[in-house]
Amino acid sequence: MGAIGQLTRARLRHRPGRWVLLAVGVALALALPVLSAATGRLVAVQTLSHAIEQLPVGERTVIASYGGTADPSAQRHDDQLVRTGLTRLSARAVGHRMLFGELADGTGATYRLGATDDLAHQVRLTTGRLPASCTPQRCEVLLTGATTPPVLDPSLGIVVVGTGERTDPLLLPGTFDPGPAARVLLGADPDALQRLSSLEQFPRGSGWVASLDPERITSLGVPAYADLSRRVSDELALRVRALVLSVPDDALLREDARATASQGRFALLGGATSVLVLGFVLVAAVGLRREHLEVAGLLRRRGASTRDVLTFALLGTGVAVVVGAVLGAVVGWVAAFLSAQAEPLHPPAIALATGSVLDALPTLVVLAVAAVALTAAVLAWPDSRSRTAWHVVELLAIGTIATAVLVAARGAVAATNVGGDPLAIALPVLALTAAALVAARLWVPVAALVSRHLPSPAVAARLAASSGVRRPLRTVVTVGFVTAAVGAVVFAGAYRATLQAGSADTAAFDVPADARISTGAQGTDPVALQAQQPLLGPAYAVLRTVAGVRTSATSGDAVQVLGLDAGALRLVSRWDRTVGASSPDAVRAAIAAASGPAGLPLPAGAAELALPVVSWSRTTPGVVDVTVWVTAADGRERGIPLVERDGALRGALPDLGASTTLTALTLRESSADATRRQHRLGEGGTTSSFLSGRLVLGRPAGPSATWSSWSSRTADVAAAPTSLTVAYELAGPLVVVRPGLVDRAPVRVLTDGETATRGTSLRLDLGGGDAVAAQVVGTLPRFPTAGPRFLVADRVSLAAALDDHEPGSGAPHEIWAGDGTSTSSLATVLALSPWNQARVDTQAESRTALESDAVGQGGGRLLLVAAAIALLVAIVSLVLLVTGERRDDAGQLLAHEADGIATSTLRRSIWWRAVAAAVPALIAGTVAGLVLTRSVSTLVALSASGAAPMPPLVPSVGPGTTAAVLLAGLVVALTACAVATSRMLRSAWPSGVDQDLR
């Protein structure tokens with residue numbers, strides 16, 4: 001071992017307490033990278049599990065399907081082959097399914113015929129019995145989805161033996177889903193049902209189903225699982241004709257990418273604190289410095305070389321750091337194991353914890369080496385080169401500040417590359433290190449300045465300041481460390497508050513009002529529901545469509561177009577965050593336009609519409625379909641086919657409530673005539689003239705009805721108050737006649753900045769050659785529910801422009817409801833019939849989902865742990881300051897006591913040294929934490945859930961919580977220092993410095 005090694009062992013055995021403190025600091029520093037890695041792994045598994053749960057039931061499956069076969073040998077071959085393939089993707093049971101296409105019974109009603117190989121466990125029998133046999137001539141089935149069986153032709157050989165209810169959501173999933181209201185006849189043998197002779201020529205689908213296996217996915221990893229599913233799909237498709245394998249790989253890959261991106265941020269959050277806690281090693285090393293210098297001087301007097309002294313310092317610190325590193329890895333492993341064990345996830349907790357240690361191993365090695373180098377440098381640095389030490393501090397401060405500014409100048413780091421950007425991860429470390437170095441460098445001149453202005457009676461404070469200025473090493477190191485610790489606490493609290501506020505902003509962006517109601521799965525229109533059963537509180541219809549904006553003569557970009565009423569604009573919550581500019585009233589004023597002709601008001605309660613036909617001359621024989629469109633006050637539109645009878649065009653009026661108006665009249669060639677025309681052209685190459693004619697309508701009923709202002713772009717129209725003449729030629733698909741159509745002003749719109757670069761006059765392509773003219777009157781940074789490219793217009797103006805080309809296209813099918821005053825009651829109503837037939841998204845549910853997201857919760861937990869550790873080590877460092885100052889200043893304190901200074905005053909002076917370090921560090925650390933929060937929120941473009949935030953994150957301090965935590969930490973630290981100092985200077989004589997080598 002050698003003399004230096006034996007001396008090191010004796011030293012560690014003689015004074016283990018101080019070295020244990022160094023080891024504990026290293027352990028805390030090295031436990032955090034393991035915990036960060038564990039958080040990333042755990043969140044990835046939780047995110048994947050949640051993603052699978054959020055998939056529709058029919059998509060939580062692996063399905064292999066094809067057209068089926070009636071050949072028994074082919075059935076056995078396919079069954080064995082596919083089951084073998086699916087077991088590679090899922091360890092869950094594989095079921096066989098089969099379903100015929102839609103069939104009609106004797107009354108014309110439809111039903112479906114299918115089979116499953118585990119019928120007894122997938123249905124609940126209500127009457128009769130389960131199917132027992134199936135031959136090519138006769139097959140027993142169970143009726144599900146209805147109580148009245150279909151009227152079956154006996155020659156089919158299908159016999160209903162009972163009724164039941166489907167209990168297994170994976171009974172007929174995905175490809176085999178017959179729809180929610182379908183009557184389904186189920187057999188118990190898919191292969192036998194395919195051999196039913198009466199349906200031999202009928203189309204059918206056959207296949208195998210297995211539920212997704214989260215354990216298999218997480219054990220392989222999503223990218224590897226997706227690659228495996230691709231290979232299995234290719235192999236099966238080559239061996240089974242027309243077989244299609246359906247796996248929700250895209251959804252899994254999206255969630256995996258989100259979790260992977262967030263792992264980089266977990267490294268960002270944990271890395272700052274791990275390096276920060278490494279500063280605690282510096283504090284502990286300073287506490288060992290005086291003793292080491294005494295022993296090193298003794299060794300030199302006994303003939304030791306400089307190399308021997310340095311080896312002595314490295315060996316002592318190396319042992320402590322190695323012990324701390326092992327302890328930190330163990331602590332991190334245990335924390336990871338306990339965190340993983342609380343979740344019933346795969347892989348097992350032991351594997352996850354071990355993997356986390358392996359992930360963090362490079363970081364552990366780097367930090368351990370840094371701890372050894374840092375501690376050895378502090379111990380071995382000679383007092384004669386103190387000025388050089390200050391220059392090193394200054395250079396490091398300048399370097400870290402310059403690097404941090406360089407990182408900030410690079411711009412935002414997106415969600416796709418934050419995990420692989422080391423500079424983004426290093427930003428908190430750089431910022432906190434710079435703040436610590438600046439605070440440490442400025443403390444001495446500031447303390448000297450303050451000490452000169454302290455009042456004479458403040459003897460204890462003056463003694464503390466003079467002592468700190470005279471021997472500043474321990475104090476400035478503590479100030480720098482506490483500054484970084486406070487900065488980390490502020491950053492953790494403020495960044496967590498920023499992410500929480502970001503979740504609220506995102507929820508408001510997705511659902512601007514309390515609720516956003518859109519068309520349901522069965523086509524239920526929420527605007528019609530609002531007319532039938534109005535919601536309590538404000539609710540406004542919203543018109544949403546997509547148009548193309550030209551980027552060149554041959555291409556364009558898709559832009560989302562929103563038509564909003566003034567009331568809907570006022571419902572947008574968190575406007576300053578979700579929109580980011582202007583105000584609801586300013587937007588309303590910008591897009592408002594003079595209202596055009598409203599159309600013909602219809603008498604209230606009228607059941608029939610009659611338009612007098614003055615004359616109708618047809619130049620070409622053929623049938624012309626005439627349709628009128630009526631519009632309700634809420635924007636609903638209905639097309640009414642008219643037939644000529646008793647000298648008028650007549651049609652039944654729907655009940656759309658009061659203030660219904662006739663807003664459009666269309667003419668088109670009948671579908672039968674159009675079909676014959678196409679056949680003549682396609683089969684014989686002959687063409688015929690277009691249908692043309694001249695229709696003159698008289699004045700409709702109603703005292704204020706007038707045809708004035710009605711016009712058309714596709715026909716010659718002469719409008720008078722009492723008559724409307726339409727000279728048409730049906731060369732196109734449709735003739736549209738509407739009030740004010742020709743003279744319609746461009747729609748006034750507010751748009752995003754990119755779209756605004758196309759000019760102030762836009763052509764909005766609607767498809768089929770139709771287009772709407774729009775005038776850009778301003779820009780907005782963004783708008784809720786819209787993508788990056790959008791247009792915001794007045795709903796009535798936009799509807800009129802759309803209906804000019806295709807009546808009915810201007811009808812809204814979305815509602816924004818609630819202004820935040822009765823959220824719970826609105827949610828209750830929307831959960832009941834008939835509103836549960838529509839799709840309902842509430843802002844509260846959206847925010848809850850974001851805040852309960854595994855990625856967001858993992859980041860929040862890591863921030864809390866980081867803040868707690870930083871605060872703890874800051875408190876301990878202040879206690880070490882006063883105890884170390886008491887030990888190193890024993891002789892000076894004795895001299896002061898001999899000069900007549902009271903012992904109580906000397907105790908207070910030691911306590912004031914803690915105050916002198918804590919207060920400046922608290923101020924500097926708070927400023928650093930706030931600046932860091934603002935920078936990270938801007939540069940690291942990730943929301944709490946790990947996605948690109950929309951709207952962008954806005955720094956939020958959370959002043960109440962952050963101030964309370966800092967104040968509580970300061971009180972605890974100073975109280976602990978007061979307790980420690982109260983027990984000092986009670987011995988009759990100070991103990992001497994121990995210089996023996998036991």
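The questions below move from the whole chain to single residues.

Me: What kind of model is this, and what pLDDT do local features need?
Reply: Residues are numbered from 1 along each chain as its sequence is written, and side-chain values use heavy atoms, with hydrogens and water left out. This is a predicted model in which side-chain atom pairs count only at pLDDT 80 or more, totals for chains, interfaces and linings use all residues, and local features need pLDDT of at least 70.

Me: How many helices and strands are in the protein chain?
Reply: Helices (H or I, at least four residues) and strands (E, at least two) are DSSP runs, numbered from the N terminus. By that definition, the protein chain has 26 helices and 30 strands.

Me: What percentage of the residues of the protein chain count as buried?
Reply: A residue is buried under 20% relative accessible area, exposed over 50%, and partly exposed in between, with a 1.4 Å probe and protein chains only. The protein chain has 998 residues, and the part that counts as buried is 49%.

Me: What share of the accessible surface of the protein chain belongs to carbon and sulfur atoms?
Reply: Accessible areas come from the Shrake-Rupley method with a 1.4 Å probe, and for residues only the protein chains shown count as cover. The surface of the protein chain comes to about 44000 Å², and the share of carbon and sulfur atoms is 59%.

Me: Which residues does a disulfide join?
Reply: A disulfide is a covalent bond between the sulfur atoms of two cysteines; here the rule is a pair of cysteine sulfur atoms within 2.5 Å. The count by this rule is 1 disulfide. Its S to S distance is 2.0 Å, and the residues joined are Cys134 and Cys139.

Me: Is the link of Cys134 and Cys139 left-handed or right-handed?
Reply: Both Cys134 and Cys139 are buried. The angle about their S-S bond is -105°, and the link is left-handed.

Me: How much space lies in the largest cavity?
Reply: On a 1 Å grid over the protein atoms alone, a cavity is a set of points where a 1.4 Å probe fits but cannot get out, and lining residues have an atom within 4 Å of a point. Grid points are joined across faces, edges and corners, and a volume is the space filled by probe spheres set on the points. The whole structure has 6 cavities of 30 Å³ or more. The space in the largest cavity is about 140 Å³.

Me: Which element gives the most to the lining of the largest cavity?
Reply: The lining has 15 residues, and those closest to the cavity centre are Val482, Val486, Leu871, Gly969 and Leu970. Two or more lining residues come from each of α13 (473-510), α23 (854-888), α25 (903-939) and α26 (959-982). With 5 residues, the element that gives the most is α23.

Me: How many nonpolar residues are in the lining of the largest cavity?
Reply: Ala, Val, Leu, Ile, Met, Phe, Trp, Tyr, Cys and Pro count as nonpolar, Asp, Glu, Lys and Arg as charged, and the others, Gly among them, as polar. The lining holds no charged residues and 1 polar residue, and its nonpolar residues number 14.

Me: Which residues does Ala973 contact, leaving aside neighbours within four places in sequence?
Reply: Ala973 is found in helix α26 and is buried, because its relative accessible area is 2%. Leaving aside neighbours within four places in sequence, Ala973 is in contact with Ile875 and Leu878.

Me: Why does Thr785 count as buried?
Reply: Thr785 is found in the loop between β27 (770-779) and β28 (790-794). Its phi is positive, about 70°, although Thr785 is not a glycine. Thr785 counts as buried because its relative accessibility is 12%.

Me: Where is Pro834?
Reply: A cis peptide bond, with omega about 5°, joins Ser833 and Pro834. Pro834 lies in the loop between α21 (823-830) and β30 (839-842).

Notes:
On a 1 Å grid over the protein atoms alone, a cavity is a set of points where a 1.4 Å probe fits but cannot get out, and a pocket is an open set with protein on both sides within 12 Å along at least five of seven lines; lining residues have an atom within 4 Å of a point. Contact means heavy atoms within 4.5 Å.
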